[in-house]
Every structure is written in structure tokens, then in C-alpha cells.
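Dear colleague,

Please find below the structure I am handing over to you. My findings follow directly after it.

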Amino acid sequence: MENTQIENAARAPQPTFVLEHGAFDDGSSWNGVIADLRRPGYPVGAAANPLRTVLGQAAITAAAQRPVP
């Protein structure tokens with residue numbers, strides 16, 4: 001790979017990761033993964049989701065993916 005390709009790849013926008021926990025767990029179960037993804041500079045977070053209804057869960061997950069103004 002040429003130097004210009006490496007430099008362009010380094011400047012490319014990073015994908016944002018939003019992690020969702022499963023039943024009988026909470027967002028803190030992702031703490032190790034979040035640390036691993038943040039180390040190289042990826043934006044990442046875990047939605048705090050009480051898992052009460054399907055519509056409620058979808059709304060919380062969608063809100064967690066919206067950019068912060």
C-alpha cells in the first residue's frame with residue numbers, strides 16, 4: 001500500500017458502533033468491548049435498554065444511533 005493510501009485511510013471517517021445487550025444483562029456487559037473499540041479511535045456506545053416492549057426497545061436503540069447536535 002502506498003503512503004498516500006495509508007494516510008487517506010487514516011483520515012477516513014470511522015464507523016460508529018452502538019452495542020445492544022441481551023436479556024438478563026445491561027449495557028455494562030459491553031465495557032471491555034467498548035474499551036477495545038475506543039482504543040483505535042472508533043466512536044462507540046451501549047444503549048441502556050430496559051427491554052420492556054419491542055417498540056420501546058426499538059425507540060431506545062434508534063435514539064442511541066442519532067448524532068449528538
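The chain contains 3 helices and 2 strands, where helices (H or I, at least four residues) and strands (E, at least two) are DSSP runs, numbered from the N terminus. Along the sequence these follow the pattern α-β-α-β-α.

Please note that this is a predicted model, in which local features need pLDDT of at least 70 and side-chain atom pairs count only at pLDDT 80 or more, whereas totals for chains, interfaces and linings use all residues. Residues are numbered from 1 along each chain as its sequence is written, and side-chain values use heavy atoms, with hydrogens and water left out.

The pLDDT (the predictor's confidence in each residue, from 0 to 100) averages 76 for the chain, and 80% of the residues score at least 70. Confidence is lowest in helix α1 (residues 3-11), with a mean of 56, and highest in α2, at 93.

The accessible surface of the chain is about 5400 Å², and 59% of it belongs to carbon and sulfur atoms; such areas come from the Shrake-Rupley method with a 1.4 Å probe, and for residues only the protein chains shown count as cover. Of the 69 residues, 13% count as buried, a class defined as under 20% relative accessible area, with exposed over 50% and partly exposed in between (1.4 Å probe, protein chains only). Among the contacts (heavy atoms within 4.5 Å) with a separation of 6 or more, 53% come from residues 24 or more positions apart.

Which residues form an aromatic pair? Rings of Phe, Tyr and Trp (its six-membered ring) pair if their centres lie within 6.5 Å; planes under 30 degrees apart count as stacked, over 60 as edge-to-face and the rest as tilted. By this rule there is 1 aromatic pair. Its members are Phe17 and Tyr42, in an edge-to-face arrangement at 5.5 Å centre to centre with 85° between the planes. Phe17 lies in strand β1 (residues 17-19) and Tyr42 in the loop between α2 (31-38) and β2 (44-46), so the pair ties together parts that are 25 residues apart in sequence. Phe17 is partly exposed, at 31% relative accessibility, and Tyr42 is also partly exposed, at 27%.

Leaving aside neighbours within four places in sequence, Phe17 contacts Leu37, Tyr42, Pro43, Val44 and Gly45. The C-alpha atoms of Phe17 and Ala46 are 8.3 Å apart, and these residues are 29 positions apart along the chain.

The structure also holds 1 salt bridge, meaning a side-chain nitrogen of Lys or Arg within 4 Å of a carboxyl oxygen of Asp or Glu. The side chains involved are those of Asp36 and Arg39, at 3.0 Å, N to O. Asp36 is partly exposed at 46% relative accessibility, while Arg39 is exposed, with a relative accessible area of 62%.

Two further residues may be of interest to you. Is Thr61 buried or exposed? Thr61, which lies in helix α3 (residues 54-65), is buried because its relative accessible area is 18%. Beyond its neighbours within four places in sequence, Thr61 is in contact with Glu20 and Asn49. Thr61 and Glu20 are 41 residues apart in sequence, and their C-alpha atoms are 7.5 Å apart in space.

Asp25 is located in the loop between β1 and α2 and counts as partly exposed at 43% relative accessibility. Its C-alpha atom is separated by 9.8 Å from that of Leu51, 26 residues away along the chain.

Yours sincerely
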